[in-house]
Amino acid sequence: MIDTLLLLSLNGLIWGLIIALIALGLSVIFGLLDIINIAHGDFFMVGTVLAWFSLQLTGNYWLGFLLVPLICFLLGAVIQRLVIQPIRGNPALSIVATFGLSLILQEVVRMTFGATPRRILPPIQGTISLFGIQYDVYRIYAAGFSIAALAAFFLFLNYTKLGTWMRAVRHDRETATAMGVPARLVYVLTFAVGFALAGFGGVVAAPITTVDFRGGVDLLPVCFIAVIVGGLGNLPGTAAAAILLSLLEGIVQSFANPTLARITSLLLMSAVLLLRPQGLFKGFAK
């Protein structure tokens, strides 16, 4: 029982780090663009599928860590200009537009990739003794890649010119524009960065999960729960909430089924909405 609890807790923690990447992309898009992005789970799915194609074309999975985020960044920039920019300022319409975008992405992937789920073997095989149990080595690497990507994102956001522009436009668009910040470019970059974060999460997660054109459907609710529990627009809070929720679900799964674990997350979200609607981590927002 203890070994099972430890194993599922570690799985939950590592999956939470991956979810944090994806939820951050969702949160940064919502916080700056006021877009309720129903297609965000499919951005993750696109990342897993691109990782599979990258492996098939090059035979080297590690190249996917460089190629997939770049491709997702470019796709995000194009989607922002063609789909998101015309409806900017209308959050209700964004639900309809991104739902349609979700269906388009799924059907395009289904036509090119196929409807059959596939598996990618971890690029690093084997196990390691960890806390008295044998644990998959790749999952440890996945945790490291996720932590590095999270750190790089926050360093970019706080210590680069583009990151400063993004934060300035998010807090006060009119003042930022008056000071010469190119708001239109910031909108494009923000959506592209959000897509790239989800795509990178897909590359990291592809050897752990299955590659499937419906792979983002179950992921989207978790990301929204993390954004709500962490605080709307609170990026550090969103990352912390994603890790907390996944760890909580991992612990619950050690003595119950996955459905009850997800219900636990929903109950926590409901409690946060009732008792602390600004989010559990409001005090950590910048």
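Predicted model: local features only at pLDDT ≥ 70, side-chain atom pairs only at ≥ 80, totals over all residues.
**Exercise 1. How do helices H5 and H8 run relative to each other, and which residues make the contact?**

Start with the general idea: two packed helices are described by the angle between their axes and the distance between the axes.

Step 1. Find the pair: H5 covers residues 137-159 and H8 covers residues 183-205. Their axes come within 10 Å and cross at roughly 165°.

Step 2. Angles over 145 degrees count as roughly antiparallel, so H5 is roughly antiparallel to H8.

Step 3. Now pick out the contact. H5 brings Tyr138, Ala142, Phe145, Ser146, Ala149 and Phe153, while H8 brings Val193, Leu197, Phe200, Val203 and Val204.

Step 4. Sort those residues by class: ten are nonpolar, one is polar and none is charged.

**Exercise 2. What lines the largest cavity, and which helix gives the largest share of the lining?**

Step 1. Count first. There's one cavity of 30 Å³ or more, and the largest cavity has a volume of about 80 Å³.

Step 2. List the lining: Ser27, Val28, Gly31, Leu32, Leu157, Met166, Arg167, Arg170, Gly233 and Leu235.

Step 3. The largest share, four residues, comes from H1.

Step 4. Finish with the classes: the lining of the largest cavity has five nonpolar, three polar and two charged residues.

Conventions:
Residues numbered from 1 in each chain as written. Heavy atoms only, no water. Axes fitted to C-alpha atoms, helices over the stretch in contact; angles between N-to-C directions. Helix = DSSP H or I, 4+ residues; strand = E, 2+ residues; numbered from the N terminus. Parallel < 35°, antiparallel > 145°, perpendicular 65-115°, else oblique. Contact = heavy atoms within 4.5 Å. Nonpolar A, V, L, I, M, F, W, Y, C, P; charged D, E, K, R; others polar. 1 Å grid on protein atoms, 1.4 Å probe; cavity = no way out; pocket = protein on both sides within 12 Å on 5 of 7 lines; lining within 4 Å. Points joined across faces, edges and corners; volume = space filled by probe spheres on them.
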